[in-house]
Amino acid sequence: MTPDIDVVIPTLNAARHLPRTLAALTGGHELRLSVTVSDGGSRDDTRTIARAGGAGVVEAEPGRGGQLATGAAAGSAPWLLFLHADTTLSDGWAHVARAFMTETNLSRAGYFRLRYDSADRRARRIERLANWRSRALGLPYGDQGLLIARAFYQQIGGYHPLPLMEDVDFVRRIGRRRLVALEADAVTSARRYESDGWLARPARNLACLGLYFAGLPPRHIRRLYGS
């Protein structure tokens, strides 16, 4: 039976977070999912964990844009859900997704509300800013997930093989008026903020975004973004 949604998860050494991400997709709903992990050359147990969790695995050149495109091309479901390996969807996400898929104009895409897996009060401030940015500017990032009809995805050219800013490039082609905030959380790892600093990391992200809009190629911006 054809799945309702092809879930595409790009990975690179994602063994730490992937089990929780996969587990949150299963059970408690009637959506038929096919999960594809698009791996960019992991050296840990990522691929083994993916297969044990019921996901298919495809190999791609490292670089999230290309990995997302490769993963999308591996399936045939009418809907696509793009999800980062360190992002866990909250309870009830499938009900919200099904309502969106049933009621929406097919030329729209849905993204989830960002939340970090940290009790730090500074995380709440970053979340509020990110969710405002998504609504007001039409710039949800990849760690918020993206639900889109396959036909619409193909119509606007899919993900481009960019090493960074693939999410910004893609949602700009979707357009702010065709992006819909979904009433469920995408709970994302706060690792970068905890290691880089709750002020330094957002400042670096903003600098990367500014350089991208100024026309600097993403391969150069990647050096500033870090690993």
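A surface patch here is made of residues with over 30% relative accessible area and no salt bridge, where like charges are joined within 9 Å and nonpolar side chains (Val, Leu, Ile, Met, Phe, Trp, Tyr) within 5 Å. A salt bridge is a side-chain nitrogen of Lys or Arg within 4 Å of a carboxyl oxygen of Asp or Glu. Areas come from the Shrake-Rupley method with a 1.4 Å probe, and for residues only the protein chains shown count as cover.

This is a predicted model: local features need pLDDT of at least 70, side-chain atom pairs count only at pLDDT 80 or more, and totals for chains, interfaces and linings use all residues. Residues are numbered from 1 along each chain as its sequence is written, and side-chain values use heavy atoms, without hydrogens and water.

**Stop one: the patch.** Select Leu211, Leu216 and Leu224. They make a nonpolar surface patch of about 200 Å². Stay on Leu224. It sits in helix H10, residues 218-225 (a DSSP run of H or I, at least four residues, numbered from the N terminus). Leu224 is partly exposed, at 35% relative accessible area (between 20% and 50%).

**Stop two: the cavities.** A cavity is a set of points on a 1 Å grid over the protein atoms alone where a 1.4 Å probe fits but cannot get out; lining residues have an atom within 4 Å of a point. The whole structure holds two of 30 Å³ or more, volume being the space filled by probe spheres set on the points.

Select Pro10, Phe82, His84 and Glu166, which are among the residues lining the largest cavity. Its volume is about 60 Å³.

Now select Pro140, Tyr141 and Val171, among the lining of the second largest cavity. That cavity has about 50 Å³.

Conventions: Helices (H or I, at least four residues) and strands (E, at least two) are DSSP runs, numbered from the N terminus. Buried means under 20% relative accessible area, exposed over 50%, partly exposed in between (1.4 Å probe, protein chains only). On a 1 Å grid over the protein atoms alone, a cavity is a set of points where a 1.4 Å probe fits but cannot get out, and a pocket is an open set with protein on both sides within 12 Å along at least five of seven lines; lining residues have an atom within 4 Å of a point.
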